[in-house]
Amino acid sequence: MRIKLLEPLRVPESLIEELSAPLKEAGHDFVYYDEKTTDAEELAEHSADADIVMIANNPYPKESFENAENLKLINVAFTGVDHVDQKAAAEQDIQIANAAGYSDTAVSELVIGLTLDVYRKISFGNESVRQGEDVKLYQGNEIKGKTVGIIGTGNIGMEVAKLFNAFGANLLGYNLSEKEEAKELGLEYVSLDELLEQSDIVTVHLPMNDETENTLSREKLELMKEDAILINAARGPIIDNDALADLLNNGEIGGAGIDVFDMEPPIPEDYPLLNAKNAVLTPHVAYLTDEAMVARAHIAFENVEKYLEGNPQNIVE
């Protein structure tokens, strides 16, 4: 089979060579494009004769694979697959796999980092020190004793719960199903409205799909305490971000740490969150650590090997 890695995976090329070696030894053709392109036509050219393509978070629209007659698997080295035209893939009987789990630790730790930044005004303090004589001292808050509401208690949500538990926080959770592991940590499952009304810190860990889009609408965001903070390292459209910016600027929500937006960075200058008060913004990097990149490369190549063995794994239904 012809297997094509269409973009770099942010790991040394020597690791790509090591992981692809068993495929080549088994007689498969492996092609690696070490420069990323977002051009759909160029992606289509690269994909045309592939049986399996491997991508990361690069958009992969219908136009990029509709003429790839041999394509059987789109192997996504990422957790979310909303950047792939899943409907078109299904119509062509193309399966989609992901690299679930590779960034659980990375995302969870950034959630804690954003929380600490918003609570202790770390970024604002950094700017203050650099201003010279006009230094402002920012009085912050502590996580210990606060109530943390976790929206979505999947793998990442559970990692987040464990970290906040270690800080001495009280845990609330909202999820379609309840996990005994979460309850053993002391997490109490409540309705979404109750979670928003009672939490000092709200953190979002839902996948992006038609059902979760706009889960935190203006109406829902208005339920939050005035001094509560919101952390989002999941997907931008899960939240009404224009409403969030309004509520931050009006003092109706205390702060926010946001890693994901309604589009991928760069963010347009008129995007409301860019000028929102008490907001710490990062450019969709929750997943991006050296350790996570190595882990996802291993998972991505293992997905290929399992597929070729007839035992596909991490297939997204």
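1. A pocket, on a 1 Å grid over the protein atoms alone, is an open set of points where a 1.4 Å probe fits, with protein on both sides within 12 Å along at least five of seven lines. Its lining residues have an atom within 4 Å of a point. Grid points are joined across faces, edges and corners, and the volume is the space filled by probe spheres set on the points. By that account, the largest pocket holds about 890 Å³ of space.

2. Basis of this note. This is a predicted model, in which local features need pLDDT of at least 70 and side-chain atom pairs count only at pLDDT 80 or more, while totals for chains, interfaces and linings use all residues. Residues are numbered from 1 along each chain as its sequence is written, and side-chain values use heavy atoms, with hydrogens and water left out.

3. Pocket lining. The largest pocket is lined by 37 residues. Nearest its centre lie Thr79, Gly80, Leu206, Pro207 and Met208. Helix H4 (104-120) and H6 are the elements that give two or more residues to this lining. Elements here are DSSP runs numbered from the N terminus: helices are H or I with at least four residues, strands are E with at least two. H6 gives the most, with three residues.

4. The sheet. Seven strands make an open sheet, ordered S8-S7-S6-S9-S10-S11-S12, with parallel pairing. Two strands pair if DSSP finds at least two bridges between them. Strand S8 (188-189) and strand S12 (279-281) are the edges, each pairing on one side only. S10 (residues 229-232) and S11 (residues 255-258) run parallel and are joined by four bridges. Within that pair, Leu230 has Ala256 of S11 as its bridge partner.

5. Helices on the sheet. Helix H6 (residues 155-166) packs on the sheet and touches strand S6 (147-151), strand S7 (170-174) and strand S9 (201-204). Contact means heavy atoms within 4.5 Å. The direction of H6 makes about 175° with that of S6. Helix H10 (residues 241-249) also packs on the sheet, touching S10, S11 and S12. Its direction makes about 145° with that of S11. Axes are lines fitted to C-alpha atoms, for helices over the stretch in contact, and angles run from 0 to 180 degrees between N-to-C directions.

6. Salt bridges. The whole structure has twelve. The criterion is a side-chain nitrogen of Lys or Arg within 4 Å of a carboxyl oxygen of Asp or Glu. One of them pairs Arg2 with Asp49, with the closest N and O atoms 2.5 Å apart. Arg2 lies in strand S1 (residues 2-5) and Asp49 in the loop between helix H2 (40-47) and strand S3 (52-55), so the pair ties together parts 47 residues apart in sequence.

7. Arg218 and Asp246 meet in a salt bridge at 2.8 Å, N to O. Arg218 is in helix H9 (residues 218-221) and Asp246 in helix H10, 28 residues apart. Arg218 is partly exposed at 33% relative accessible area, and Asp246 is partly exposed at 35%. The cut-offs are under 20% for buried, over 50% for exposed and partly exposed in between (1.4 Å probe, protein chains only). Elsewhere, salt bridges that share partners join Arg2, Lys4, Asp29 and Asp49 into one network.

8. Glu180 and Lys183 form a salt bridge at 3.7 Å, N to O. Both lie in helix H7 (residues 180-184), three residues apart, about one turn of the helix. Glu180 is exposed at 52%, whereas Lys183 is partly exposed at 35%.
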